[in-house]
Amino acid sequence: MREHYEKVIALCCFLLVFCNVGLASTSFNVYQPYIVALPGIGDSAGSVIIGVRTFFSLLCMFVVVHYYRLVDCRAGSFIACLFTAASMVVYGLAASFPAFCVAAALGGIGYGLGGMVCTTYLINRWFKTDVGSAIGIAAVGSGVASIVIPATAERIIALFSLSTSFWLEAALALVIGVLTFTLLRNRPQDMGLEPYVNPKWLEKHQDDVVHVEGGEDVPVDHGVHLPAMVRTLFIVACVFVGAVCVSAPTFLSVLLVSEGFGHQFAALMLSVSGLVLTVGKGAMGKLYDLLGGLWGTVISFAAFILGLVLLVIGSSGSELLVWAGCIVYAFGLAIGSTGIPIWSLHFSTPEERVKTVRTFQTGYSFGSFAFSFVPGILKDALGSYLYSYGLMIGILALAGIIIVAVYLRYHASK
């Protein structure tokens, strides 16, 4: 196992994403109908609570690089899990809007410090090839959470209480934190190892390897440096992706309930979309490795947009179209977890990689924060969440056009 410790690192990244992204964000939408139904909350306040979480995750993007210089990934990710656990404890105790906001802030910190930025750092250190697959494995963590948590939470709430469900998640986050702290190692050099290189990749890409001292062949990291204007445009696209990737699943259950579907059907759709998302994340990472960033991006955006269109149409009363929409959109939703890290690695030189990961993830987080207020406000103003989903389709299409155009212009070989 020591010789293949990159597999343990991939497992740890999976668990970190399950905890700090899955519990704090991806599966949290199962609680949204219960929260907005509480006295003194409502749809607008429910959106604000989500906005608080995304705001604090956004703030973390501005300090995450310095954070992981101050503490290593092993300790830093453990602290992030503690924030996620504390968030669930406060959610369980909350009886007012300010208390829910405090819980959301703690969850946002756990998400920002212990999510995809941390796991991307680790994967970039431990893997020289199969990076997309490794990122896909890590990203599957939040998908698994979106399968397991909604149905389990519904059952626990029915048998016990909303608070009990939150407190059990707090205990789970703490266990994951301890386990990953025990297993994680920051760099392969800490164990006298080298980053993983797939032997089959070396056989097929002899022109892309260099022979180093000691007789080992390693991949050449060419990198792509984007001009300032193009880089800014790409960040805008990441903002749009973040807006949709966070809000679309977050408000799915309240969309379905407000359009006349039952709570159980809404929870079922969350689990179905979570199952597809889990498969999609793993498949999408492999797709990026096999077909390259361009076609992986095209397929992701096409599925995401088509699925949202089917959901909007099906919300008028067609369970069949809602099923189809959840399945197709959830596959494309994987772009939020796999696309952002892979784009960060594709469109940066080795010298600017850490900064680029942080910058693209910051754009993603800003989009999720800025848009999180919109669905509840539009619902109160216009009477339906459908208007917000129509807006999501538009900005997602624009993001796809931008990113695909950049691939075609600057990175067509990938």
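Reader: Over the ring of which residue does the charged end of Arg74 sit?

Author: In this predicted model, the charged end of Arg74 is placed 4.2 Å from the centre of a ring. A charge counts as sitting over a ring only if it is within 6 Å of the ring centre and within 35 degrees of the ring normal. The ring that Arg74 sits over is that of Phe181.

Reader: How are the planes of Phe234 and Phe360 arranged, stacked or edge-to-face?

Author: The two ring centres lie 4.9 Å apart, with 15° between the planes of Phe234 and Phe360. Planes under 30 degrees apart meet the cut-off for one class of pair, and the pair of Phe234 and Phe360 is therefore stacked.

Reader: How many residues apart in sequence are the parts that this pair ties together?

Author: Phe234 lies in helix α11, residues 228–250, whereas Phe360 lies in helix α17, residues 353–372. Both Phe234 and Phe360 are buried.

Reader: What kind of pair do Phe347 and Tyr407 form?

Author: Phe347 belongs to the loop between α16 and α17, and Tyr407 to helix α19; Phe347 is buried at 0% relative accessibility, and Tyr407 is likewise buried at 0%. Their ring centres are 4.7 Å apart and their planes stand at 70°. Since an angle over 60 degrees decides the class, the pair of Phe347 and Tyr407 is edge-to-face.

Technical notes:
Residues numbered from 1 in each chain as written. Predicted model: local features only at pLDDT ≥ 70, side-chain atom pairs only at ≥ 80, totals over all residues. Heavy atoms only, no water. Phe/Tyr/Trp six-rings, centres within 6.5 Å; stacked < 30°, edge-to-face > 60°. Helix = DSSP H or I, 4+ residues; strand = E, 2+ residues; numbered from the N terminus. Buried < 20%, exposed > 50% of the residue type's maximum accessible area, 1.4 Å probe, protein only.
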